[in-house]
Amino acid sequence: MRMWEAVPGERDLAVDEITGRLPEGLTGTLYRNGSGRWDVGPTAVDCLFDTDGMIGAFALDGRGVRFRNRFVRTRQYTTSLRKGRLTTRGLGRQRRGGVAANMLRPPANTANTSVLLRDDRVLALWEAGRPHELDADTLETRGTTDLGGALKGLLGAYSAHFRHDPETGAVVNFGFDPYMPRVDARWVRAGGDAKERRSRLRETLAEARPRMRLRLYETDRAGATRYLRAVPLPGFSFMHDMALTRGYQVFAATPLRFDPVPIMTGAAPMMDALHFAPDEAAAFLLVPRDGGPVRVVETDPFFFFHFVNAYDDGPDVVVDLVRYAPETFGAAMAFFADVRRADAAAGTLTRYRIRASGAVETETVSGAAVEAPQFDLRLSAAEHRYSYALARTDGLTGPLGPGFGIARFDHRTGATDAYATPEDVLVEPVFVPRGPGAAEDDGWILTVGYHAPSHRSRLMVFEAAHLPDGPIAEAWLPFHLPFNFHGAFTPRVAAL
Ligand SMILES: [Fe+2]
């Protein structure tokens, strides 16, 4: 499908084709991050984490719309431009040169997953590396940042999926940190006969294997980031997102495992080291924000990429997420490996209620196939009624393509409102409240729609409570944008 073709360059323009009527009160900037190109020279890049990040920005100033897009100047992007080919190791690909060229080499940071907006800066975030900092107006890349020295660990990772705490104005996040535990060789040699020393050696070697922990961070309203704590993981679990309640940082360890040995020795690309252990339990990790011990609550196996939101409900913790049942683990894995060809219709919106006793109750919110969920961010860590997501509600499955629209879900009644057409592919819907005191759901949904017949994309504005009525305004670009992943809106109008 032509949607996956590379964006035709870096542009700055005033959008002169606007259909419908832009709401007067809708001013600010929508930033989107995603893969600007899927081919580099002769190489087709299949794994979504390996494609070059590109920021697309739409500024609405009350009179019209301006657009600007720039690739993030990552090391992979600038080097491949110079050489005309990829020279980096990715999550799904090896570098040329065999094992020696890949050994102990982390995957290239493509900065392609999401954005964190801070005044005049945009942070382009990616799973397993430092943020790249861009100017919010020019979209010029300033370089990577360790957030004032706060980021820790081998990778300095700062996840693509941070969470807002509207009560304090803080941003809470985490990063992967693979590590080797310290081994005390003196203990192996200390005392006893040969048999005892051999036994201690065996025990020590069993301990001395690569492990994974999460590093947790909080950035205050003024922008200062501090390191909170480390959380060791029970296994080498993949963790793409976190949720936040007033009391907890919430993680879910799923039975997707990866074997660190071929990754570290350079024997195989990281995707090949991933596998599901479908008979193993999943576990919620509830990390108290006041520093207490981590609660580990086991439940039936599931997989997920994204939480919607979470909140404390008396002694219970309620967690909404897009759940992949064990029978769809294969589809989820294929989506990782090749998002352009895999079946994209496997996740369902699911509510978990974690009781104080450790019992976990599960309830399906909607049977629609969804991904990239969003909600009114003013209700982050509090009870929400509505969520919005990229969705396919017609029961059909297949690769991401025309027919994928957006939907609104009422978590109280189960009602689903959707907008989709056989000609369009929409992306993650972002909710913008009509004003500071507006009720939940009283506002607009912003998304970007790819129109297959004309091979063009446009910013689309919907009334959030009336998605099936279709867009109230569309700002058409004279070209297309490839499918992108996550975005955010700020009331600041960028000088694009
Ligand atoms: Fe994501």
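Author: One term before we start: contact here means heavy atoms within 4.5 Å. Also, this is a predicted model.

Reader: Fine. Which residues does S366 touch, not counting residues up to four places away in sequence?

Author: With those left out, S366 touches T348, L349, F409 and T416.

Reader: Where does S366 lie, and is it buried or exposed?

Author: S366 lies in the loop between β25 (360–364) and β26 (369–374). Its relative accessible area is 7%, and the cut-off for buried is under 20%, so S366 is buried.

Reader: What does the side chain of S366 do with the backbone of A368?

Author: A polar atom of the S366 side chain lies 3.0 Å from the backbone nitrogen of A368.

Reader: And β26, how many of its residues are buried?

Author: Six of its six residues are buried, which makes β26 mostly covered. The strand is joined by four bridges to β27 (residues 386–392), and the two run antiparallel.

Reader: Change of topic. What coordinates the iron ion?

Author: Four histidines, each through NE2: H161, H240, H306 and H486, at 2.1 to 2.2 Å.

Reader: What are the angles among the four donor atoms?

Author: They run from 91 to 164°, and the site is irregular. To count as tetrahedral, four donors need all angles between 85 and 135 degrees.

Reader: How are the donor residues spaced in sequence?

Author: The spacing is H-x78-H-x65-H-x179-H. Within that set, H240 and H486 link distant parts of the chain, 246 residues apart. H240 is in the loop between β15 (225–232) and β16 (243–244), while H486 is in strand β35 (residues 484–490).

Reader: Are H240 and H486 buried or exposed?

Author: H240 is buried, at 4% relative accessibility. H486 is buried too, with a relative accessible area of 7%.

Reader: You mentioned β16. Which sheet is it in?

Author: An open sheet of four strands, ordered β16-β17-β20-β21, with antiparallel pairing. The edges are β16 and β21 (295–299); each has a single partner strand, so one side of each has no neighbour in the sheet.

Reader: How many bridges pair β17 and β20?

Author: Six bridges, in the antiparallel sense, between β17 (residues 248–253) and β20 (residues 282–288). V250, for example, has L286 as its bridge partner in β20.

Reader: What holds strands of a sheet together in general?

Author: Strands pair through backbone hydrogen bonds, either parallel or antiparallel.

Reader: Next, D220. Where is it, and what is it in contact with?

Author: D220 sits in the loop between β14 (211–219) and β15. Leaving aside neighbours within four places in sequence, D220 is in contact with R118, G169 and A170. The C-alpha atoms of D220 and T168 are separated by 7.7 Å, though the two residues are 52 apart along the chain.

Reader: How accessible is D220?

Author: D220 has 36% relative accessibility, so it counts as partly exposed. A polar atom of its side chain lies 3.0 Å from the backbone nitrogen of A222.

Reader: Last one. Which residue caps the N-terminal end of α4?

Author: D193 does: a side-chain oxygen of D193 lies 3.2 Å from the backbone nitrogen of K195. The helix α4 (residues 194–207) has 14 residues and reaches 20 Å from first C-alpha to last, close to the 20 Å expected.

Note on methods: Residues are numbered from 1 along each chain as its sequence is written. This is a predicted model: local features need pLDDT of at least 70, side-chain atom pairs count only at pLDDT 80 or more; totals for chains, interfaces and linings use all residues. Side-chain values use heavy atoms; hydrogens and water are left out. Donors are N, O and S atoms within 2.8 Å of the metal (3.2 Å for Na, K and Ca); water is not among the atoms, so sites may look incomplete. Four donors count as tetrahedral if all angles lie between 85 and 135 degrees; four count as square planar and six as octahedral if opposite donors are over 155 degrees apart and all others between 65 and 115; anything else is irregular. Buried means under 20% relative accessible area, exposed over 50%, partly exposed in between (1.4 Å probe, protein chains only). A polar contact is a pair of N or O atoms within 3.5 Å; within protein, one must be able to donate a hydrogen and the other to accept it, and residues adjacent in sequence count only if both atoms are side-chain atoms. The expected span of a helix is 1.5 Å times one less than its number of residues. Two strands pair if DSSP finds at least two bridges between them.
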